Amino acid sequence: NENDFTTWDLKKIFSEIDGLYQDILKEKELLSKISISDFKDFLEPGTMPGEVRPTLYDFIAHEALTFYTCAEQAAAKPEDAFEIDASSDAFGPLTEFLAWQPATEDTGSSKYKAVRLYQSLLAMHLGKNNIEALADLDLLRLQYVKNNGFGEEKNKIYIQRLEEAIRRYGQTYAAGMAYYLLARAWGEDGDLVKAHSIAAEGMKKYPKTLGGQSCQAYVIEIESKSLSLTGERCVPQKPSRIQVRYKNFTKIYFRAVSDDWDRFMGKKWSYPNSFEERDISNLLDKNPTAEWTAELLPTKDFKEATQEVEVPKLEPGYYRVFASWQPDFKSSTMVQHTWLWVCDYTLVARMGDGNIDVLVCQAESGEPVPGAELTMIYRDNEYYKYGEKKTTDKDGRAVFAAGGGYWDKHL
């Protein structure tokens, strides 16, 4: 129903909005003579200088850009054939971009209209020598082409344009944002050292701008610490190793704390090795079975590194291994953990003919273990439960009935 917009699909709605924007944007000459300050009682003030959006045309054109560049445009107009080649003048220096005439018949494309709007706004402010508005718009144009263009050299060209923007717009409010975007681009390119250096410079030069504050946040992000652990789940009674993935610290502290397997069996809708915050706190209150430290290689490139660290010999049992870059685990800002069984036996199981065939061996030699006592653990609705018990024969074997299937019962 043409008169009831609630019956329209997204394509129809966007077409109508597009028509409204195009109608008013034709009044560029009139709108560009009306100061945005005339509407100070109607519009909420922004954080940027007034010169960045000085006229009513700027305000409406930027509202239109928000519409033409929104992600929903792709769903509303899937036949959009116009694409932006990053090697074209769309990504060129400002003068080349303003002279660029996209070779396409798809002039109804939202991408095409966004490009044309950027050209219109940039040309207007270049003519008025409004450097603040020019700087802000040029950076927005570069971000748009980078995010919507295609080409293998896209990031390389983007970095080149941002470096030019810093030289050209160094005295403007937008300069801090140019530093931030450039730092991010180098970070995406894998050079976090350069990204850190650029962001630190932008933070220092433009501390009171949004760009400078964004640089500061990025410096903190790059310098942030990270830690994760990967270890074997079952080890014999001898020193073992744990893999540490980390960045931005050089010493790590460990604790091995004896844990109680049975307390997990009573948890509803839980897995035997699942962990909660209160579990961590309670275990850290216990006296550790073992404590040790390790030195880590510096991560001078600000990237995560991987290093293996020795775990001391532990008595047979079930443990939680905690790690932190701070010695006081209770007040540490980052504690990671993994679980560990220490046992000189290992178990191999296979499914077949409705049974689970089990072989128990010595962990190091592989020799079978006769007389080993086994208990099945199975999931019964909300809880794990203990089930059938078996003792291995002279060959280290035992056979369990699989019941409802392998995923219902586990050894």
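Modeller: Let us begin with a definition: a crossing of two helices is called left-handed if the near helix is turned anticlockwise from the far one by less than a right angle, and right-handed if it is turned clockwise. Please keep in mind that this is a predicted model. Here, α10 passes α11 in a left-handed crossing.

Colleague: At what angle do α10 and α11 pack, and how far apart are their axes?

Modeller: Helix α10 covers residues 192–205 and helix α11 covers residues 210–223; they pack at an angle of about 145°, and their axes are 8 Å apart. On the side of α10, the contact is made by Leu-192, Ala-195, His-196, Ala-199, Ala-200, Gly-202 and Met-203. The residues of α11 that take part include Cys-215, Tyr-218, Val-219 and Ile-222.

Colleague: Which residues of α10 are buried?

Modeller: A residue counts as buried when its relative accessible area is under 20%. In α10, this applies to Leu-192, Ala-195, His-196, Ile-198, Ala-199 and Gly-202. Among the elements that cover the buried residues of α10 are α9 and α11.

Colleague: How is the length of a helix to be judged, for example that of α8?

Modeller: One compares its span with the span expected at 1.5 Å a residue. Helix α8, residues 154–168, has 15 residues and reaches 21 Å from its first C-alpha to its last, close to the expected 21 Å. Likewise, α10 has 14 residues and reaches 20 Å, close to the 20 Å expected. The buried residues of α8 include Ile-157, Tyr-158, Arg-161 and Leu-162, and the elements covering its buried residues include α7 and α9.

Colleague: Let us turn to strands. In what order do β11, β12 and β15 lie in their sheet?

Modeller: In a regular strand, the side chains alternate between the two faces of the sheet. In this structure, an open sheet of three strands has the order β11-β12-β15, with antiparallel pairing. Its edge strands are β11 (345–352) and β15 (397–401), each of which pairs on one side only. From one strand to the next, the twist averages 25°. The pairing of β11 with β12 (residues 355–362) runs over eight bridges, and Ala-349 has Val-358 of β12 as its bridge partner.

Colleague: How many residues lie between the strands in the hairpin of β13 and β14?

Modeller: There are two residues between these strands, and Asn-381 in this hairpin takes a positive phi near 55°. Strand β13 (residues 373–380) and strand β14 (residues 383–391) pair in the antiparallel sense over seven bridges. The bridge partner of Leu-374 is Lys-390 in β14.

Colleague: In which loops do Asn-129 and Phe-302 lie, and is each of them buried or exposed?

Modeller: Asn-129 lies in the loop between α6 (110–127) and α7, and its phi is positive, near 55°. Its relative accessible area is 65%, so Asn-129 is exposed. Phe-302 is found in the loop between β7 (290–295) and β8 (305–311); although not a glycine, Phe-302 has a positive phi of about 65°. Phe-302 is buried because its relative accessible area is 16%.

Methods: Residues are numbered from 1 along each chain as its sequence is written. This is a predicted model: local features need pLDDT of at least 70, side-chain atom pairs count only at pLDDT 80 or more; totals for chains, interfaces and linings use all residues. Side-chain values use heavy atoms; hydrogens and water are left out. Axes are lines fitted to C-alpha atoms, for helices over the stretch in contact, and angles run from 0 to 180 degrees between N-to-C directions. Helices (H or I, at least four residues) and strands (E, at least two) are DSSP runs, numbered from the N terminus. Contact means heavy atoms within 4.5 Å. Two strands pair if DSSP finds at least two bridges between them. The expected span of a helix is 1.5 Å times one less than its number of residues. Buried means under 20% relative accessible area, exposed over 50%, partly exposed in between (1.4 Å probe, protein chains only).
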